[in-house]
Amino acid sequence: MNQNTPEQSQLGQTSAYVDRYDAGLLFPLPRETKRREIGITGSVPFLGADLWTAFELSWLNPRGKPQVALAHITVPCESTHIVESKSFKLYLNSFNNTAFASADAVRDCIRADVSAAIWHGGPLQSSAGVKLLLPEQLEREKVQELEGLCVDRLDVECTRYQPAPELLTAAFDEKPVDEILVSHLLKSNCLVTGQPDWGSVQISYSGPQIDQAGLLQYIVSFRNHNEFHEQCVERIYMDVLARCKPTKLAVYARYTRRGGLDINPWRTSHPQSPPANVRTARQ
């Protein structure tokens with residue numbers, strides 16, 4: 001069957017879990033479709049990446065002994081496609097009863113397959129980053145909350161549960177500020193399954209001071225919205241940019257895991273090192 005749309009694929013359906021390596025399980029989805037909805041055509045007006053963490057990765061060594069690892073995957077935001085998360089889970093499960101010569105061979109295999117998927121049908125312009133952490137390395141994994149002033153402290157009335165960018169305002173007649181704001185009340189729903197996606201979001205900016213009450217109400221307005229993690233963060237970025245007109249802006253969300261995967265999109269207006277892929281307590 002030609003899998004051109006999520007409805008024609010295994011997404012949102014009961015799936016048999018293949019335990020033999022199969023790169024064909026990865027299901028790429030074009031970024032362009034949803035980006036057009038928020039006014040992005042051609043080259044994207046930001047930099048960034050999607051930081052994935054895979055907590056359920058296992059394979060067999062040449063003697064048939066199971067191995068386990070945690071994987072950090074970095075997908076550049078300029079790639080033409082994302083990989084749908086359920087398909088990525090099915091793909092990783094296909095490693096379970098497959099023998100590999102080494103952890104490095106597993107890493108290289110994931111890098112090659114994901115890189116091909118995110119540039120689906122086009123030339124490979126940049127590779128996905130893949131880092132495996134073996135059990136003896138896991139003690140270095142930290143738990144750390146997002147830095148910034150939490151706007152959730154504000155006692156505001158919330159009545160909008162679909163994205164409402166008109167709630168965003170800024171003090172254009174006052175002195176610009178440098179500020180980092182955080183909320184743990186980001187919630188949206190999977191575009192395919194309708195399952196809830198829970199996240200924390202950090203907005204770092206320079207420019208007119210953003211009205212915190214309006215920002216909190218805006219973040220809450222995603223509560224019944226159906227969109228993938230990456231798309232939600234890009235929508236937030238573009239709305240804040242258009243409504244609040246910062247001179248610098250970065251939006252970073254960390255979503256709780258589902259099925260052993262978390263996805264943490266980061267978009268920025270200016271070149272800088274990506275944030276460390278460090279999980280929060282909720283993750």
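Start with the open sheet: eight strands in the order 5-3-2-12-11-9-8-6, with mixed pairing (strands pair if DSSP finds at least two bridges between them; strands, E of at least two residues, and helices, H or I of at least four, are DSSP runs numbered from the N terminus). Now select strand 5 (129-133) and strand 6 (149-150): these stand at the edges with a single partner strand each, so one side of each has no neighbour in the sheet.

A word on the model: it is predicted, with local features needing pLDDT of at least 70 and side-chain atom pairs pLDDT 80 or more, while totals for chains, interfaces and linings use all residues. Residues are numbered from 1 along each chain as its sequence is written, and side-chain values use heavy atoms, without hydrogens and water.

Next, pick strand 9 (residues 196-207) and strand 11 (residues 248-255), an antiparallel pair joined by eight bridges. Zoom in on Gln202, whose bridge partner in strand 11 is Tyr252.

Then move to helix 5 (residues 229-244) and select Glu230.

Last stop, the cysteines: the whole structure has zero disulfides (pairs of cysteine sulfur atoms within 2.5 Å). Cys77 has its closest cysteine sulfur, in Cys232, 16 Å away, too far for a bond. For Cys190, the nearest is also that of Cys232, at 10 Å.
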